[in-house]
Amino acid sequence: MFATTPLRIVAVSAGLSQPSSTRLLADRLAAATRERLTAEQDRDDRDVEVRVIELRDLAVDIANHLVSGFPSAGLREAIDAVTEADGLIAVTPVFTASYSGLFKSFFDLIDHTALTGKPVVIAATGGTARHSLVLEHALRPLFAYLRAVTVPTSVYAASEDWGSSGDEYTEGLPSRIRRAGGELASAVLGRTVSGASRALGLDDGEDAVVPFEQQLADLRLD
């Protein structure tokens, strides 16, 4: 029996405080992804390795690299972990209505093709829900430029979201975390692709792909 390489999930947290709500959100997204990956593997189950990279510990190395062009050993190892991961979770606090400078500086150091096709969950934390659109106007365009594939569900956690289960009109934070983790797990396992979803087909069985346009047409019919 041949050994298989583990599935590698890497979460990048740009939180500055300790303890940090940004790190907490990264941990919970990573745990939800691991749980779904463990549950959904059909055969030849692979171990799931989760790593959280704290950018606060690399802040000086990031600044030095931006100036000198030479990464430290620790920073190079963190960049390699991100680019070689099977799935990525990227979480930033909101600073001045956008991602933090530390978060942007780290991803500025990654080659713009190194994340091509990599599934990513984007997430952010902030004091109020008014900043939630940072996910769509800042983070999603950033990862589109890096050619990554962001999953449909992004997660924003305001201060009041912690400990809230939501109401009849909105999902609570735990539900959004589980949904985002499930989407990342499915993408890592190849069960979803950008602009398409897996469905039963005559020729391909469970591997057939339904184009995004057809999905929209089906929704209109329903």
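The model is predicted, so local features need pLDDT of at least 70 and side-chain atom pairs count only at pLDDT 80 or more, while totals for chains, interfaces and linings use all residues. Residues are numbered from 1 along each chain as its sequence is written, and side-chain values use heavy atoms, leaving out hydrogens and water.

**Helix 3**
- Helix 3 covers residues 73-84; helices (H or I, at least four residues) and strands (E, at least two) are DSSP runs, numbered from the N terminus.
- Among its buried residues are Leu-75, Ile-79 and Val-82, where buried means under 20% relative accessible area, exposed over 50% and partly exposed in between (1.4 Å probe, protein chains only).
- The cover over the buried residues of helix 3 includes strand 1 (7-13) and helix 4 (101-108).

**Helix 4 and helix 5**
- Phe-103, Lys-104 and Phe-107 of helix 4 meet Leu-139, Leu-142 and Phe-143 of helix 5, contact being heavy atoms within 4.5 Å.
- That contact has 5 nonpolar residues, no polar ones and 1 charged; Ala, Val, Leu, Ile, Met, Phe, Trp, Tyr, Cys and Pro count as nonpolar, Asp, Glu, Lys and Arg as charged, and the others, Gly among them, as polar.

**Salt bridges**
- The structure holds 10 salt bridges, each a side-chain nitrogen of Lys or Arg within 4 Å of a carboxyl oxygen of Asp or Glu.
- Arg-76 pairs with Asp-80 at 3.2 Å between the closest N and O atoms; they sit 4 residues apart in helix 3, about one helical turn.
- Arg-56 and Asp-57 form a salt bridge at 3.7 Å, N to O; Arg-56 is partly exposed at 30%, whereas Asp-57 is exposed at 56%.

Notes. The expected span of a helix is 1.5 Å times one less than its number of residues.
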